Amino acid sequence: MGIPLPGEIGQRARDILAGRVPIVPARDAATVVVLRDDPLEVYLLRRKATMAFAAGAYVFPGGSVDPRDTDHAVAWAGPPPSDWAAAFGTDERTARGLVCAAVRETFEESGVLLAGPSATTIVADTTGDDWEADRLALIDRTLSFAEFLDRRGLVLRSDLLRAWAHWITPEIETKRFDTRFFVAALPPGQRTRDVGGEADTVAWMSPAAALDRGKAGEIMLMPPTFRTLTELAGFETIDDVLREEHTITTVQPSAAEVDGEMVLIVPDPDPDPDPVPGRTP
């Protein structure tokens, strides 16, 4: 069994397997599942139909690591990059970039900012024209995340994140990402908003409701989103999610020919060989 790969994507899969087409390198990326309680819900964006990657799909906020995300000038509070490197099985430089990208992209795509004036406080409100100007400057890369935090006297709060999953885009895709998934609670006082950009619709849904709509064909859910929602559907509160001793294994779907048809095989989580503990950094 697998997900059918018809038409062009099926032919590309055949070409990749035959070595006729080069494999595109995967770029480091971060995704954050923003949660709120009563009942437990997740924040989802629908990517515009014009997007080159995952057009029309409902996804969590996230995106590629900006080279400047690895800058040591980024004001930081909470577990250090070394802890995140251990959680995700990577080096400290990459881990620093992933955490910074997670916080930056979440602000860019939802208006939620996991940062505060100190290691024990958090921004209560990110609405207003001045915040919007900074958000747009981050998106067009005229402002780095380190400069943004410094300008506002803020520190990144890495303790508000938890490591959750690691997915790599299949080799058959023309745009590929090496994505680490985080979970985080919506900070008190903050609220998400429809900020446009890569998304044309945003919504809060319970994991179960999102899964039901996906199975019914009402919304498009990519395998990483579907799997993450399935895992979260087993929890009742944010505290339950954040307390979970989650085990992270790298998942990379791959193409295969089954009975003459090309399909995408999504491996089940591997419970055994040397998983990286997703301990709370």
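Modeller: Let us start with a loop. Thr70 sits between strand 5 (62-64) and strand 6 (76-77). Keep in mind that this is a predicted model.

Colleague: Why is Thr70 called buried?

Modeller: Its relative accessible area is 14%. Buried means under 20%. Thr70 is therefore buried, at 14%.

Colleague: Which residues does Thr70 contact, leaving aside neighbours within four places in sequence?

Modeller: Thr70 is in contact with Arg93, Arg96 and Gly97.

Colleague: Now Trp167. Where is Trp167 placed?

Modeller: Trp167 belongs to strand 9, which covers residues 161-168.

Colleague: What makes Trp167 count as buried?

Modeller: The relative accessible area of Trp167 is 5%. The cut-off for buried is under 20%. So Trp167 is buried.

Colleague: What does Trp167 touch, not counting residues up to four places away in sequence?

Modeller: Its partners include Phe177, Phe181, Pro223, Arg227 and Val266. Asp178 and Thr179 are also among them.

Colleague: How many residues apart in sequence are Trp167 and Ala29?

Modeller: They are 138 residues apart in sequence. In space, C-alpha to C-alpha, the distance is 9.8 Å.

Colleague: On to charged pairs. How many salt bridges does the structure hold?

Modeller: It holds 19 salt bridges. One of the pairs is Asp15 with Arg20.

Colleague: What makes Asp15 and Arg20 a salt bridge?

Modeller: The closest N and O atoms of Asp15 and Arg20 are 2.8 Å apart. The limit is within 4 Å, so a pair under that limit qualifies. Asp15 and Arg20 form a salt bridge.

Colleague: Take Glu108 and Arg141. How far apart are the closest N and O atoms of this salt bridge?

Modeller: They are 3.1 Å apart. Glu108 lies in helix 3 (residues 92-110), while Arg141 lies in the loop between helix 4 (129-139) and helix 5 (145-152). The pair therefore ties together parts that are 33 residues apart in sequence.

Colleague: Why does Arg141 count as partly exposed?

Modeller: Arg141 has 30% relative accessibility. Glu108, at 5%, counts as buried.

Colleague: Which residues are linked with Glu108 and Arg141 in a network of salt bridges?

Modeller: The network also links Asp66, Arg68, Asp69, Arg104 and Glu105.

Colleague: How do you know that Glu105 is buried?

Modeller: Glu105 has a relative accessible area of 6%. Under 20% means buried. So Glu105 is buried. Glu105 lies in helix 3. Not counting residues up to four places away in sequence, Glu105 touches Gly62, Gly63, Ser64 and Arg141.

Colleague: How far is the C-alpha atom of Glu105 from that of Ala30?

Modeller: The separation is 8.0 Å, though the two are 75 residues apart along the chain.

Colleague: One last pair. What makes Asp134 and Arg152 a salt bridge?

Modeller: Their closest N and O atoms are 2.8 Å apart. The limit is within 4 Å, so such a pair passes. Asp134 is in helix 4 and Arg152 in helix 5, 18 residues apart. Asp134 is buried because its relative accessible area is 6%. Arg152 is partly exposed, at 24%.

Definitions and conventions: Residues are numbered from 1 along each chain as its sequence is written. This is a predicted model: local features need pLDDT of at least 70, side-chain atom pairs count only at pLDDT 80 or more; totals for chains, interfaces and linings use all residues. Side-chain values use heavy atoms; hydrogens and water are left out. Helices (H or I, at least four residues) and strands (E, at least two) are DSSP runs, numbered from the N terminus. Buried means under 20% relative accessible area, exposed over 50%, partly exposed in between (1.4 Å probe, protein chains only). Contact means heavy atoms within 4.5 Å. A salt bridge is a side-chain nitrogen of Lys or Arg within 4 Å of a carboxyl oxygen of Asp or Glu.
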